[in-house]
Amino acid sequence: MNDRVRPRFDEKRFAFFREENAGYASAISPEDPSKALHVLNPTVVDVARLCDGVRTVADIRAAYNARFQQAPDGPLGRYVDEALFILSLYNLLEYEA
């Protein structure tokens, strides 16, 4: 994924979004014709909350690493990449240019 892309996670646009216990969330994308319910794990939810349409992917990696006192390019960046992949796969992100 391009590090300069600015993903936006806006739960208000979803057909359904609900926070669950222990940091999980359930969501249905409005663009999913099957209306499949997706359960997001706490890591994915944490990363999604950083996707405000202002931060770039590189900024999101740095912010997530900082939460755990890691260097901006630390090893936790791979979790960000995986979470963004999952969110994209489920059509739960919009991208700003």
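I start with Thr56, which sits in the loop between helix H1 (42–50) and helix H2 (57–67). Helices (H or I, at least four residues) and strands (E, at least two) are DSSP runs, numbered from the N terminus. This is a predicted model, where local features need pLDDT of at least 70 and side-chain atom pairs count only at pLDDT 80 or more, while totals for chains, interfaces and linings use all residues. Residues are numbered from 1 along each chain as its sequence is written, and side-chain values use heavy atoms, with hydrogens and water left out.

Is Thr56 buried or exposed? Thr56 is buried, at a relative accessible area of 17%; buried means under 20%, exposed over 50%, and partly exposed in between (1.4 Å probe, protein chains only). Leaving aside residues up to four places away in sequence, Thr56 touches Asp3, Arg4, Val5 and Arg6, contact being heavy atoms within 4.5 Å.

Now the strands. E2 (residues 16–19) and E3 (residues 25–28) run antiparallel, joined by 4 bridges; two strands pair if DSSP finds at least two bridges between them. The two form a hairpin with 5 residues between them, and Ala22 in the turn has a positive phi of about 60 degrees.

On the other pairing, E3 is joined to E4 (residues 38–40) by 3 bridges, again antiparallel. Ala27 stands opposite Phe17 of E2, and the bridge partner of Ala27 in E4 is His38.

Finally, both faces of E3 are covered. Ala25 and Ala27 are buried on one side, Ser26 and Ile28 on the other.
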